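Subject: The structure you asked to look at

Hi,

Here is the structure for you to open up and turn around on your screen. Have a look first, then read on for what turned up in it.

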Amino acid sequence: AELLPDYQLAFMGEDGPAAAAAAATPASDAAAADQAGQLDSSCAYYYTECTQQLNSQYGDLQHKIQDLETSICTELIKRLLSFSPCLSAAANAVAELDCLCSFAAVARELGYCRPTLTTDNVIVIEGGEDTFT
């Protein structure tokens with residue numbers, strides 16, 4: 001692997017504990033461990049001198065942003081919960097409509113027709129098929 005001299009490995013992975021453990025590992029050791037398959041991560045985060053200066057000046061913005069995202073999502077969930085009965089009813093109606101549209105599409109494709117209902121005590125089927133065989 002090509003080493004970038006002005007980049008220092010900050011951490012690898014997407015979760016905090018793995019990131020902290022990887023941050024304690026020197027960049028060359030982390031690259032060797034990654035090549036050996038010892039680090040199971042999907043991301044690697046690097047610092048440059050400039051990003052370290054910005055981090056010192058403004059603090060850890062990544063965690064501040066994540067905390068803000070979490071609070072926004074929590075507030076959104078709280079607000080949506082008040083509409084839960086309406087959302088549930090709408091979801092049920094959409095599911096029923098989807099099912100009926102599927103039935104209609106299959107009926108059109110296979111040439112089905114609506115039965116004629118009578119008050120007589122008989123069933124007359126002309127040219128019927130068993131659709132399950």
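One term before we start: a residue counts as buried when its relative accessible area is under 20%, as exposed when it is over 50%, and as partly exposed in between. With that in hand, 8% of the 133 residues of the chain count as buried. Please keep in mind that this is a predicted model.

The chain has five helices and two strands. Starting at the N terminus, the order of the elements is β-α-α-β-α-α-α. The accessible surface of the chain comes to about 11,600 Å², and carbon and sulfur atoms hold 59% of that. As for contacts between residues at least 6 apart in sequence, 60% of them join residues at least 24 apart.

The C-alpha atoms of Q8 and Y47 are 5.2 Å apart, although 39 residues separate the two along the chain. Leaving out residues up to four places away in sequence, Q8 touches Y45, Y46, Y47 and Q52. At 44% relative accessibility, Q8 counts as partly exposed.

Is F11 buried or exposed? F11 is buried, because its relative accessible area is 15%, and the cut-off for buried is under 20%. The C-alpha atom of F11 is 6.0 Å from that of A44, a residue 33 places away along the chain.

Next, go to T48, in the loop between β2 (44-47) and α3 (49-58). T48 is in a loop, yet T48 is buried, with a relative accessible area of 16%. Which residues does T48 contact, once neighbours within four places in sequence are set aside? They are D6 and Y7.

How many salt bridges does a search of the whole structure find? It finds one. The partners are E75 and R79, with their closest N and O atoms 3.1 Å apart. Both sit in helix α4 (residues 61-81), and because they are four residues apart there, about one helical turn separates them. E75 is partly exposed, with a relative accessible area of 35%, whereas R79 is exposed at 55%.

Last, the pockets. Rolling a probe the size of a water molecule over the atoms shows where empty space is left. The largest pocket has a volume of about 690 Å³. It is lined by 19 residues, and those nearest its centre are C113, R114, P115, I125 and E126. Sorted by class, the lining has nine nonpolar, six polar and four charged residues.

Cheers

Key:
Residues numbered from 1 in each chain as written. Predicted model: local features only at pLDDT ≥ 70, side-chain atom pairs only at ≥ 80, totals over all residues. Heavy atoms only, no water. 1 Å grid on protein atoms, 1.4 Å probe; cavity = no way out; pocket = protein on both sides within 12 Å on 5 of 7 lines; lining within 4 Å. Points joined across faces, edges and corners; volume = space filled by probe spheres on them. Nonpolar A, V, L, I, M, F, W, Y, C, P; charged D, E, K, R; others polar. Buried < 20%, exposed > 50% of the residue type's maximum accessible area, 1.4 Å probe, protein only. Contact = heavy atoms within 4.5 Å. Areas by Shrake-Rupley, 256 points an atom, 1.4 Å probe, with all protein chains shown as cover. Salt bridge = Lys/Arg side-chain N within 4 Å of Asp/Glu carboxyl O.
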